[in-house]
Amino acid sequence: ADALDLIRKQTVALARELGVVGLMNCQYAVKWGPGGSDVYILEANPRASRTVPFVSKAIGKPLATYASLVMSGKTLSDIGFTEEIIPNHVAV
């Protein structure tokens with residue numbers, strides 16, 4: 001769980017530093033070792049055409065629909081999507 005926490009923090013920090021508005025796709029590599037784990041960012045880009053359907057299926061929420069609603073003026077609060085969903089399963 002330590003590596004996942006670090007990945008979450010790095011993703012948010014990276015998005016803020018890059019000024020990302022919207023979606024960002026990141027790929028990471030984790031090197032596990034006896035003293036802990038090292039996390040490396042392999043790729044970060046603003047395209048998420050394959051990511052959105054994958055994540056939608058993994059968390060059970062229609063993210064493309066939510067995105068279109070937000071683009072039409074709704075807020076995330078309006079559509080009831082305000083908290084991160086962390087599934088109890090691994091999606092590949």
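Reader: Hi! Y66 and F81 first: are they buried or exposed?
Author: Both Y66 and F81 are buried. Keep in mind that this is a predicted model.

Reader: Good to know. How many aromatic pairs are there?
Author: The count comes to one aromatic pair. Y66 and F81 form this pair, with 5.0 Å centre to centre and 50° between the planes, and the pair is tilted.

Reader: Thanks! And which parts does the pair tie together?
Author: Y66 lies in helix α3, residues 63-71, while F81 lies in the segment after α3, so the pair ties together parts that are 15 residues apart in sequence.

Reader: Nice. Switching to the cores: which residues make up the largest nonpolar core?
Author: The largest nonpolar core has eight residues in all: A3, I7, L14, A15, M24, C26, Y28 and V39. Two or more of its residues come from each of α1 (2-18) and β1 (25-33).

Reader: Which element gives the largest share of this core?
Author: That is α1, with four residues.

Reader: And which residues does I7 touch?
Author: Leaving aside residues up to four places away in sequence, I7 touches Y28, V30 and V39.

Reader: What does the second, separate core include?
Author: The second core has seven residues, among them A48, L63, Y66 and I79. Y66 is also one of the two rings in the tilted pair with F81.

Reader: Why does V39 count as buried?
Author: Its relative accessibility is 14%, and buried means under 20%, so V39 counts as buried.

Reader: Which residues does V39 touch?
Author: Not counting residues up to four places away in sequence, V39 touches A3, L6, I7, Q10, Y28, A29 and V30. Take L6 from that list: V39 and L6 are 33 residues apart in sequence, yet 7.6 Å apart in space, C-alpha to C-alpha.

Reader: Last one, I promise: how many residues lie between β1 and β2 in the hairpin?
Author: There are two residues between β1 and β2 in the hairpin they form.

Methods
Residues are numbered from 1 along each chain as its sequence is written. This is a predicted model: local features need pLDDT of at least 70, side-chain atom pairs count only at pLDDT 80 or more; totals for chains, interfaces and linings use all residues. Side-chain values use heavy atoms; hydrogens and water are left out. Rings of Phe, Tyr and Trp (its six-membered ring) pair if their centres lie within 6.5 Å; planes under 30 degrees apart count as stacked, over 60 as edge-to-face and the rest as tilted. Buried means under 20% relative accessible area, exposed over 50%, partly exposed in between (1.4 Å probe, protein chains only). A nonpolar core is a set of buried Ala, Val, Leu, Ile, Met, Phe, Trp, Tyr and Cys residues joined through side-chain atoms within 4.5 Å. Contact means heavy atoms within 4.5 Å. Two strands pair if DSSP finds at least two bridges between them.
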